[in-house]
Amino acid sequence: MQTTLLGLAIAFIIALIAALIGPYFIDWNQFRPQFETEATRVVGAPVRVGGELSARLLPAPSLRLRSVAVGGANDLGKVRADKLDVEFSLGSLMRGEWRATELTIGGMALDLGLDSSGRIDWPASTGKFNLGSLAIDRLNLTGRIALHDAASRGTLELSEIAFSGDVRSLAGAVRGDGSFLLSGARYPFRVSSGQSADASGTRVHLNIDPGERALSADLDGVLSFEARAPRFEGAVILAAPPAARPRSASGEASQAPWRISARIKADPAAARLEQLEASYGAEESALKFSGLG
């Protein structure tokens, strides 16, 4: 019995030493094909690593990837990243839980396509991994997001995105803040999301603060997908706050504040506004409308 326990102790010590020293001598890039194959099976879409691949077990399990791409060469919908660094919680892994203490994604480029019918052009995922089982304590992300619309042949791009937050579940529970660049103007934002009460979609609350332009927006509602077509139902508020409006050379406010709020139902075909309310000026004389589509 003592021999068995001593043998286990020696084996454990050797494993720890190998974990500490091994990564400095192992060329992890030789395992690139196996990693890409396994990652493709887990994600359910083609995964390619064009740059360095390295891993460590101690002091915390970590993985570093460079030039990562998810999606086929001919897919309009795909995501790429210059770097992806993830550090896992060793205690959580030993309990069979997927928890990342920190995930950093740099130089992300996410391209989403809407086909002529308004459906998201993204390859159907066949992955077996449960996204709801993965949590991220600290998420740091930089990059851009572009939406390509086949019907209008136009593109909406948010560039120079910087985001920091946490992810309680990749199935939709995210919260954090950051900023993005749109049409040359920078907008700070805060976002939170979670599963809707009836589990039919994702509850999203997006607040865009007045940045370089005197305009704020608040969007709160449920985002869902029906046959890959996005649908949103909730409330929207657009406003030019008094503190953010431009001033004339004399120091006086050159524009009066205004605010518009409405219930909204939107899909790729149309957007319907209901319970529309508007206010303009310091006295906030409200103009109310309802039933507008």
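Tutor: Phe-163 counts as buried, with a relative accessibility of 9%, where buried means under 20% relative accessible area, exposed over 50% and partly exposed in between (1.4 Å probe, protein chains only). Phe-189 likewise counts as buried, at 10% relative accessibility. The model is a predicted one, in which local features need pLDDT of at least 70 and side-chain atom pairs count only at pLDDT 80 or more, while totals for chains, interfaces and linings use all residues. Residues are numbered from 1 along each chain as its sequence is written, and side-chain values use heavy atoms, with hydrogens and water left out.

Rings of Phe, Tyr and Trp (its six-membered ring) pair if their centres lie within 6.5 Å, and planes under 30 degrees apart count as stacked, over 60 as edge-to-face and the rest as tilted; by this rule there are three aromatic pairs. One of them joins Phe-163 and Phe-189, a stacked pair with 6.1 Å from centre to centre and 10 degrees between the planes. Because Phe-163 belongs to strand β7 (residues 154–169) and Phe-189 to strand β9 (residues 185–195), the pair ties together parts that are 26 residues apart in sequence. Both residues belong to one aromatic cluster, formed by Phe-163, Phe-180, Tyr-187 and Phe-189.

As for the setting, the protein has three helices and 15 strands, taken as DSSP runs (helices H or I, at least four residues; strands E, at least two) and numbered from the N terminus. Of its 293 residues, 33% count as buried.
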